[in-house]
Amino acid sequence: MPAAKQHLFRTSLYASGASPVNMQQAVFYNEDCIVYDMEDSVPQSEKDAARFMIYNMLREHRPLEKHVQIRVNGLYTPYFAEDMQAAVLCRPDAIRVPKVESAEEVHKICARLDELEKAYGVEQGSIKIWCLIESHIGVLNAREIAGASERVEALVLGAEDFTASMHATRTKPGWEVFYARNMVLMGCRAEGKACIDVVFSDINDLEGLKEDARMTKTMGFDGKTTIHPRQVDTVNAMLTPTQKEIRYAMRVLDAIREGEKNNKGAVSLDGNMLDVPVMLRARNVMALAKAAGLKIEGDYYDM
Amino acid sequence: MLELKKVAVSGTLESSDVQIVLEPNPGKGIQIDLESDVKLQFGDSILETVKKTLKKMEVEDAVVRINDKGAIDCTIVARLQTAVCRAAGIRYDWNKEALNASR
């Protein structure tokens, strides 16, 4: 399967549709993705109000440099139908759908999106879906969900609901979600889709957040959901290539280019063979650096 | 004309929000009662937004009590639309927004 298209999804920050001040302030932070929420942060009595708030806010004050998303209520809730109408009218980059458990559900969501895009004059296929995986069934079906449609752009693992479905206890070390993280990530990689890691719930523990974000990066996730603005810069920094990583990637690409010029089949650097995975990693680092807006001399971004 | 059937409230007294209480006012037109810390600077603009939104929603008779805490226009519109639907006891027809956008 081809590699996932390079977008910057390092951080996602929710803005509650129940709070005008929350939505107005959320645009001033450095998150890559802003998620206007109709679901968990909105009480049942205010679901109607949240739709109007998000629709009017996005119509008048849509942030230009962010990936704009809307989280609707679940497919089987009484709110889903109207949420989708309002959401499609907003023309977001993506709609987040909670508690997705199967490819069949993705097909139902896509069918509804097809109808609404056509009815509202929105470019067909332009609105992507981010599926929230929040149960053991969803984790087990991660690959089929990721591959269910071209519209599926990313899967997002939701740890709190997942651990509840497992009768587990949520902890900072996170061993109770380790298998789920790997399953969802592998499903995404197999289908060429992005994968977003779980939140770190303690907003006062920045050291703990750094450790958790380091795990997010080491495992290979494309981003992480944040639950408070003060987490955004820490996670962005962790998920942006470091100077050391960029310099090494440049050396790898230089060595490969030199090898090609001299018709060498096998190339080494610092005593290590540079095979295809090393080259792909180097290209990925440069792609992330480019997406993050880092200026680098030379033509490394085109290699 | 959209008839309001009961008293309805929307919004909160949180900063940057507006609380709107809408009451039926059969045959007596629109009556607006505005409380706002920025009434002097933005009172006229708020009233215009409210009247325009009510007209678009075809509400001709209503008492509108507004307690504004510095809401921007889109918040006022959203809270008023919510209050109208609740007071009229209707589900909003979102398809109208698509028609409006295409005009």
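How many disulfides does the count come to over all chains?

1. The count comes to 0 disulfides over all chains, where a disulfide is taken as a pair of cysteine sulfur atoms within 2.5 Å. The sulfur of Cys90(A) lies 11 Å from the closest cysteine sulfur, which belongs to Cys74(B), and this is too far for a bond. Cys110(A) is likewise in no disulfide, since the nearest cysteine sulfur, in Cys131(A), is 7.8 Å away. Cys90(A) counts as buried at 8% relative accessibility, and Cys110(A) also counts as buried, at 8%; here buried means under 20% relative accessible area, exposed over 50% and partly exposed in between, with a 1.4 Å probe and protein chains only.

2. Please keep in mind that this is a predicted model, in which local features need pLDDT of at least 70 and side-chain atom pairs count only at pLDDT 80 or more, while totals for chains, interfaces and linings use all residues. Residues are numbered from 1 along each chain as its sequence is written, chains are lettered from A and ligands numbered from 1 in the order in which they are written, and side-chain values use heavy atoms, leaving out hydrogens and water.

3. Chain B has 3 helices and 4 strands, these being DSSP runs numbered from the N terminus (helices H or I with at least four residues, strands E with at least two). Along the sequence, chain B follows the pattern β-β-β-α-β-α-α.

4. In chain B, an open sheet of 4 strands has the order 1-2-4-3 with mixed pairing, and two strands pair if DSSP finds at least two bridges between them. Strand 1 (8-10) and strand 3 (30-36) of chain B stand at the edges with a single partner strand each, so one side of each is left without a neighbour in the sheet. Strand 2 (residues 18-24) and strand 4 (residues 62-68) of chain B run antiparallel and are joined by 7 bridges; Ile20(B), for instance, has Ile66(B) in strand 4 as its bridge partner.

5. Helix 2 (residues 73-88) of chain B packs on the sheet and touches strand 1, strand 2 and strand 4 of chain B, contact meaning heavy atoms within 4.5 Å.

6. For chain B as a whole, a compact globule of 103 residues would have a radius of gyration near 13 Å, and the chain has 13 Å, which agrees; the radius is taken over C-alpha atoms, and the globule rule is 2.2 Å times the number of residues to the power 0.38. Of the 103 residues of chain B, 47% count as buried.

Key: Axes are lines fitted to C-alpha atoms, for helices over the stretch in contact, and angles run from 0 to 180 degrees between N-to-C directions.
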